[in-house]
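Please look over the sequence and the structure shown here before reading on. The report is meant for someone who is meeting this protein model for the first time.

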Amino acid sequence: MGGGGFNLTQLLEKQVSNPSKTQIQHIFYIIAESLSAWHLDENTFKELGIKSDLLEFIKQSGAYRASVFVQNADATMKSLDVQISGLFQIEIPLSLSVGKNLVFKMSAGYIFKDLGFKTTFFYGGSGTWHKIDNYAISQGFDEIKFSNHITQFAKEKGFAPPFEGAWGAYDHYLYEFIKDYTLANKDTKSFAMVMSVSNHGPWDAPVEQFGVDYDKIDKFLKAKQLPQDDYVRRIFSHFIYQDKMLARFVKETSKVLPNSLFIITGDHGGTSFYTQTSKDEIPLIIYSPILKPKVLANVGSHIDITPTITELVAPNAYKYASFGTPLLSNDYKKAFEKRNALGYKLVANERFLYDGFKIEYFKDKKPQNDDESLAKNLFENLKRAKALSWWIFKNGYIIKD
């Protein structure tokens, strides 16, 4: 390692393989509050006597949905630290270290600004929460729009109150604001990272206005022998509301801005008292009206989202740094891979989750002879990735001789 040390950006460097001439003008990277894997379980909706608007859209549009996708943090700001910075979660609040941080080269804001996109962070809550305003700007975002901007917009448009709840602007007005803002600037290439807030206690959104039926929820809770109290009712009502708002935004926006790319995930798993699904499992959905990418892998984590977007929108041979790996590509010569995922406190593949102590198999997946050694090796890789993330945060990109 002569010459003063080893540059970690060389280790993390990726190169885009994109033969497509199709240009994406607008990117919407949506992080939905507490969106969990079980929120998109078709049987749950059937038993409730309703349909998932988001699931229906996925089927009709042919959108990509990862088979196994795990979180990289268990709380909202910790998740945003990962998804904004591109570093693994190191239990240091990056957003509160503004002024000390580097502009991380693997951060979404840095990469997409470098690619010529105007970068905006849209947050349904307060811009001062965890210094999210300063943090987003420090990591390459040109601007941040938050609850004050959204509620003012709703009032000026003459929309009906209420406009916001305990955590900030309701999802239906957040997405309406983003759509209107992007349309007003449709000739400017844009990258929007979005964080919603409505699917969070005290669950106070006016969900009845959007066809959420409490009678059906009550029947479902009784049939499943779940607590029939207002707390549980509102949890179910808000995951239904969130589903409707996400599907409506993608449907409406993709019609008026077809040269767009939509990414939907959760910040972390939500309440899971109803399901056997691991709290670490969350969805990843990717859709564009004008792209038909090849699936490279069905297994991933938050850290893989930014490289996946980059692979789809950047010019051929573009180089960037990332801990993650693309799950999709416009290059059909690339081969499908059986991939592993490095999550928050566990690792995963298409057959199991492993937290360093116990292997948990997915339904209908049988143990194989090499599972234990494979799982342990993957967990060591997670430790290494976190150690490198800590080094970059503390010392920069050079490991000295």
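Predicted model: local features only at pLDDT ≥ 70, side-chain atom pairs only at ≥ 80, totals over all residues.

## The largest pocket

The largest pocket holds about 820 Å³ of space. There are 33 residues that line the largest pocket, and those closest to its centre are S67, T277, E281, F362 and K363. Among the elements, α2 (42-48), β5 (68-70) and β18 (359-361) are the ones that give two or more residues to this lining, and the largest share, 3 residues, comes from α2.

Sorted by class, the residues of the lining of the largest pocket divide into 15 nonpolar, 7 polar and 11 charged.

## The second largest pocket

In the second largest pocket the space amounts to about 310 Å³. Its lining is made of 18 residues, and F88, F323, G324, T325 and L342 are those that lie nearest its centre. At least two residues of the lining are supplied by each of α1 (8-12), β15 (341-342) and α12 (371-395), while the largest share, 4 residues, is the contribution of α12.

The lining of the second largest pocket has 10 nonpolar residues, together with 5 polar and 3 charged ones.

## The cavities

Rolling a probe the size of a water molecule over the atoms shows where empty space is left. Across the whole structure, a search finds 5 cavities of 30 Å³ or more, and the largest cavity has a volume of about 100 Å³. This largest cavity is lined by 13 residues, of which T120, F122, Y181, T182 and S190 lie nearest its centre; the elements that give two or more residues to the lining are β3 (26-32), β6 (118-123), α8 (171-184) and β8 (190-195). In terms of class, the lining of the largest cavity divides into 5 nonpolar, 6 polar and 2 charged residues.

The second largest cavity contains about 70 Å³ of space. Among the residues that line the second largest cavity are Y29, M106, H302 and F323, and the elements that give two or more residues to this lining are α4 (76-85) and α11 (305-313). The lining of the second largest cavity has 6 nonpolar and 5 polar residues, but no charged residues. F323 can be followed from one space to another, as this residue is listed in the lining of the second largest cavity and is also one of those nearest the centre of the second largest pocket.

## Strand β10 and its partners

From strand β10, which covers residues 284-287, L284 and I286 point one way, whereas I285 and Y287 point the other way, and all of them are buried. Strand β4 (residues 64-65) runs antiparallel to β10 and is joined to it by 2 bridges, with R65 having I285 as its bridge partner in β10.

Strand β9 (residues 260-266) is also antiparallel to β10, and 4 bridges join the two strands.

## Residue S147

S147 has its place in helix α7, which covers residues 147-156. Why does S147 count as buried? The reason is that S147 has 6% relative accessibility, whereas the cut-off for buried is under 20% relative accessible area.

When residues up to four places away in sequence are not counted, S147 touches Y123, G124, G125, S126, E164, G168 and A169.

Terms used. Residues numbered from 1 in each chain as written. Heavy atoms only, no water. 1 Å grid on protein atoms, 1.4 Å probe; cavity = no way out; pocket = protein on both sides within 12 Å on 5 of 7 lines; lining within 4 Å. Points joined across faces, edges and corners; volume = space filled by probe spheres on them. Nonpolar A, V, L, I, M, F, W, Y, C, P; charged D, E, K, R; others polar. Buried < 20%, exposed > 50% of the residue type's maximum accessible area, 1.4 Å probe, protein only. Contact = heavy atoms within 4.5 Å. Pairing = 2+ DSSP bridges.
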